[in-house]
Structures are given as C-alpha cells and as structure tokens.
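Please look at the sequence and the 3D structure shown below before reading on.

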Amino acid sequence: MAKPRTLYDKIWDDHLVHEAEDGTCLLYIDRHLVHEVTSPQAFEGLRLSGRTVRHPERTLAVVDHNVPTTDRSHGIAEEESRIQVETLAKNAKDFGVEYFHERDKRQGIVHVVGPEQGFTLPGTTIVCGDSHTSTHGAFGALAHGIGTSEVEHVLATQTLIQKKAKNMLVDVTGKLARSATAKDIILSIIGEIGTAGGTGSVIEFAGEAIRDLSMEGRMTICNMSIEGGARAGMIAPDQKANDYLHGRPKAPKGEAWDKARAYWNSLHTDEGAHFDRIVKLDAASLPPIVSWGTSPEDVVSVAGSVPNPDDIADEGKRQSKWRALDYMGLKPGQKMTDIELDVIWIGSCTNGRIEDLRNVARIVDGKKIAGNLAYAMIVPGSGLVKEQAEAEGLDKIFKAAGFEWREPGCSMCLGMNPDQLKPGQRCASTSNRNFEGRQGYRGRTHLVSPQMAAAAALAGRFVDIRKS
Amino acid sequence: MEKFETLNGVAAPLNIVNIDTDMIIPKQFLKTIKRTGLGKSLFYEMRYTQDGKELPEFVLNKAAYRKAQILVAGDNFGCGSSREHAPWALLDFGIRCVISTSFADIFYNNCFKNGILPIVVSPENLKKLLDDADRGSNATLTIDLPKQEIRGPDGGTVKFDIDPFRKHCLLNGLDDIGLSLEKSSSIDAFEKKQAAAQPWL
C-alpha cells in the first residue's frame, strides 16, 4: 500500500518538475498573482535579460496597495503611487497579462480577488509577491508569498526553486465559543506558537471548529499563517469550497468542473500520515482576543490585562516586550477594556470580505460610533464586495452609524496610500500586523476581529462582546 | 549577483527579537520601481526622527558602525512582509551578512537572491557574537563561507550550516533563472502531463 500522505505532500508531489540529489526541487506554479509594489523590478529584470512571461494566462495582475480609497475617477494624486500603478498597467500590457485597473469593479485586494474570480482553485500551487498569499490555502491550495526575484523567476519559468517544508498540524477541536471568530482562533494559535512557531513548516488546519467555518473564516485563518511564521497554511477542500467556487468567472465549467471536483475530493490528509509537529487548540473555551504589543504573538483575552514583561526569563525577549509596551503607551496590569481608542479600521485581506461586513453591520445597525473617536473607517476588500454590501444596504447602516465607507484596497492595513494613523493614535484594526509604524508613523495598532472592532467603535474602547 | 566568499567587516549588534520587514524598510519606501537607493532609508523609524534627523543612539548612527557589513540580531529576523526591499536596503547600506538564531522564510530566501548570507546560530553563540559586536571599532568578524565558519576578534570560531545548493549559488554569484531555464525540457514534459491529467487548469 502507498505511504499515507498529508494534503501538503499530495499537492507537492503533483507539482514536482525536477528533484536534485540534494533535495533542491523545481516546483510547478499553476497560478501567479501580481500587484504593483513587488513586481516592477521583476518585469524590468525580464526586459533586461530579454525574457518573456512563460504563461501570461496563468498570471493575473491587480492594483491594491497604493490606490486611494477616496474617489479615484480623476486618477491618483500622489506621484510615486501613480507611477507604480502606471508601471503595472504598462507591464501587464507589454507582457500580455490580464490586469484589473483601479476603476474596474473587479479590482480589490489581490487575496480577495483571486478566490472571488475562481482564479484560486483547490490543489493548485499559487504564489504572489505578497506574504498574505497564504490566504488561498483555505481552498486546499499550496499558496505562499515570494520575493521579487522569485516573482521574476515564476514569470520567466512558471516554476519556483524550493525545498520541501515540514508538515505541521493545527487541530482546532470542539465547537467555537459564542462571540469568538476565525480571527480569535488564529490570533490564539499565534499567541501559542509564537511568530516563529511555524518557521520551515506548512500548517494544515483541521478539526471540527475549522470545518464549521465559512470559506471567509477559513481565509482569515490561512491568511495569518504567515504571522505564525509558516511558509503556507492550508485546509482540505470540501463542499463549502465547491459551493464558493461554483460559477465563478475563472472556475472550470461543465464537464471540466465535474472532472476537477473528482480530483479535489482526493485532496485530504490520509489516515496515518506523518506530521512533524501537532498543536491542539480547544475552540470551545476561546475568548475574544486583542493584541497588546507590536507583534501578532502579543495577544490576550479581552477580559485580561497587559502582561508584565519582567515575567519573561530571556533578556532579549524581555527587553523587546518592554520596548513594545513603551511604543504602545501601555503599562503592565492595565485592563484591556480600559484602553481608549482613537480610530477604528475595518478591512484588509484578513477581514475585508462580505461576511466580515455583515457581522459588523449586525452590531452597529441603528447605533452611533463613540464621540471620542477621531474616525471609524470601513474599506471593502474588493469592488465586488462593495457592490454586494451596497446591494444589501450595509453601506447605509455604516454611514448612519458614522463610519466612512470607502473604495476597495489595502488601505490602512499598511498605509501605502493616504489612509494612515497619526503619531500616537490608537487603532482597533481588523488587519493582520501590529508592527511598529505599520499603520502610520508611531501609530498604535490593536488586532481584533470585525465583531470586536464594531463593538469597540460603539464604545470608544474595547468591550467584552460576550457580555453584550 | 555579486559573489560571496569571505567577508571581513564590522559587525553591528541589534539585540531585538522579531525585527520585521516594516522596521527594516517602512512602507513609504516601497513605492520605488528600482532595486537601488534604499540604504539611506534602512531601519528608518529607528534611525531618524520624523523630520529626518539622525538619532545618535541607534547603532548604525554610531561612528564605529556606520560602515558595518554584518548585522547580529535577535530571534526571528525579517518576519512579516515578503518585500525584497528589505534585503535591497541592507545591501545598499553595505550589509552582506546577517546573523540570528532564526529567520522568517521569505526574507531568508530573498537574501540569497541578492548575495546576502543569512547565518543561523544557536542562542549561546548569538550571545557570544553579540558581545563581540558590542566592541565598537574592534567589532570585526570574519565570515568564511567556503569553510562555513565565523571567526571572532579573539580567535574564537563558530561553525554554521548552509544548504549546499544555496552555498554553491552564493560562491559563484549564480542567477537561478538561468539555472532553471536549463531544465526547460522537464518543464515542458510536466506541462504536457498536467494538461492531460488536469485539463481545467
């Protein structure tokens, strides 16, 4: 009998082009997503060496990082951003790659667009010059971020030089506690394993709580695998994945769909397959989570308080956590629910999908955001998410509550466009990174779920949503 | 890509864990469409005030470390975004080698594409190398890639592991797109096989 294999093993085996004696492999790449920030130097490299894009039809380009979220019908005011966007448009045209420009309603964050278009499919290998490419693993794809040199490599060869990663299983057992979300699951996992906990591994997320999640929730989980240091995160595809993809513009149709589904059904970890590491998490006892520091591993229950770095034995780590508290303007022992906020930001490739917006609308419907906030902003993940939300009247609920309702893009998740925190401003954010300066110079980020961000918007501080 | 064989240079200590790529090169510098010119913006927020004045306490602003070629840093260096601007900024500043107990995957890969050698050492050896790097103008280390060892100012040596293929590429300054294109016939064969087995792709 064949050796039992993990989901990662199966996809790896099905994409192996060449393996050298030392284990260096050439892996075939089925799908390549391209955005404006990490691609200009790659296309320039192709030009300089006289190379072409091997498979333009396996490549999809979209602008997301630089685009303003205000009206962009008159173009992009900021010169450097405009040049980067125009450069992508030109490169896509010159090399024959399909491109969604900033006024196309299909435009959005690359990791929202891929699944939405059915470009993301189970069992495929997917790369993008963007670390959050791990998102696509929610469909049972092997998906990960690459650097610009590798973008050029994939454009030229449709392959990537790789060594096989280790297999890691995160088993999330039980039924997810009320008021806890996919975001709380992944933040808890990162808190548990640390931001280097998954280094060198591909994580498969499994267990009842994962199976119970919608595709949106699964994307939130896989999206932040990178924050746990993993090369990729993945979840075995099931009927929910099929239902999500059926009828999408780039998904297979008719007979091809049936054939594809038959293959997708084989994409699960075999009984008895080997994992190098297994981590278990009980979903039933999960509280809503808030981050307190400047690393996604710095997390605590909303009912908890800021920890004391002096409790850490390692000197380097202790000093780093004191530095984080200093940056965040917090003191050990401070209760999370006592922390007052200045800004609420809802969006990103982690939590900018329709389900996220529906969850926010449910909480803020008929209410007003707190008076102490400078502003609260909602940025849909794509033009199609925006269109759907408006069809459901969610935009009216948000605007009536006092939220700004913006055009799609990465926005303040990383602030490459004008949406940025001011120094000292404290933000409850549904994004994925609370790094120093991430959302704006000296800005302070607390990572939370959309539901926690919505409740925080109404109260002007963090609230334990289990009690409301 | 420039070859990497033996490097003798000043090592700067940066004993912070989880130094992320946003710290190495903040977002406002990602709008470039070039690979060069990022060195002056390396570690921008730690290195300068908001109006662009140097912060004298930051290690790379100190006289002894202004020409550092080696960085000795805390655990999990280079975590976060995939931006290759991080190694480009290090390289443009003049840094050819980073030593830590661990590196984030994508950053680690990106280093090798740019002739930078990332070296993983044990926590004990990191402590020793941080002490060496703390010696100001005497903080000189020799990185010997062929022998896979780091030699300190007191003659102590630390051995390190490196993947043989990556070592070969660094020593010879090889462009791996060229190497992969040599396997074109394997790629063609794979595509034929896949087209038959998975025609929907």
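What percentage of the 201 residues of chain B count as buried? In this predicted model, 46% of the residues of chain B are counted as buried.

| Property of chain B | Value |
|---|---|
| Helices | 8 helices |
| Strands | 7 strands |
| Box filled by the C-alpha atoms, along the principal axes | roughly 60 × 45 × 25 Å |
| Contacts joining residues at least 24 apart, among those between residues at least 6 apart in sequence | 68% |

We now move to a sheet in chain A. This open sheet consists of 3 strands of chain A, which lie in the order 1-2-8 and pair in the antiparallel sense. Strand 1 (16-19) and strand 8 (159-162) of chain A each have a single partner strand and stand at the edges, so one side of each is left without a neighbour in the sheet. From one strand to the next, the twist averages 20°.

The pairing of strand 1 of chain A with strand 2 of chain A, which covers residues 25-28, is antiparallel and extends over 3 bridges. Within this part of the sheet, Glu19(A) stands opposite Cys25(A), a residue of strand 2 of chain A.

Terms used:
Residues are numbered from 1 along each chain as its sequence is written. Chains are lettered from A and ligands numbered from 1 in the order in which they are written. This is a predicted model: local features need pLDDT of at least 70, side-chain atom pairs count only at pLDDT 80 or more; totals for chains, interfaces and linings use all residues. Two strands pair if DSSP finds at least two bridges between them. Helices (H or I, at least four residues) and strands (E, at least two) are DSSP runs, numbered from the N terminus. Axes are lines fitted to C-alpha atoms, for helices over the stretch in contact, and angles run from 0 to 180 degrees between N-to-C directions. A residue is buried if 20 or more other C-beta atoms lie within 10 Å of its own, exposed if 12 or fewer, and partly exposed in between; C-beta atoms are placed from the backbone. Two residues are in contact if their C-beta atoms, placed from the backbone, lie within 7 Å.
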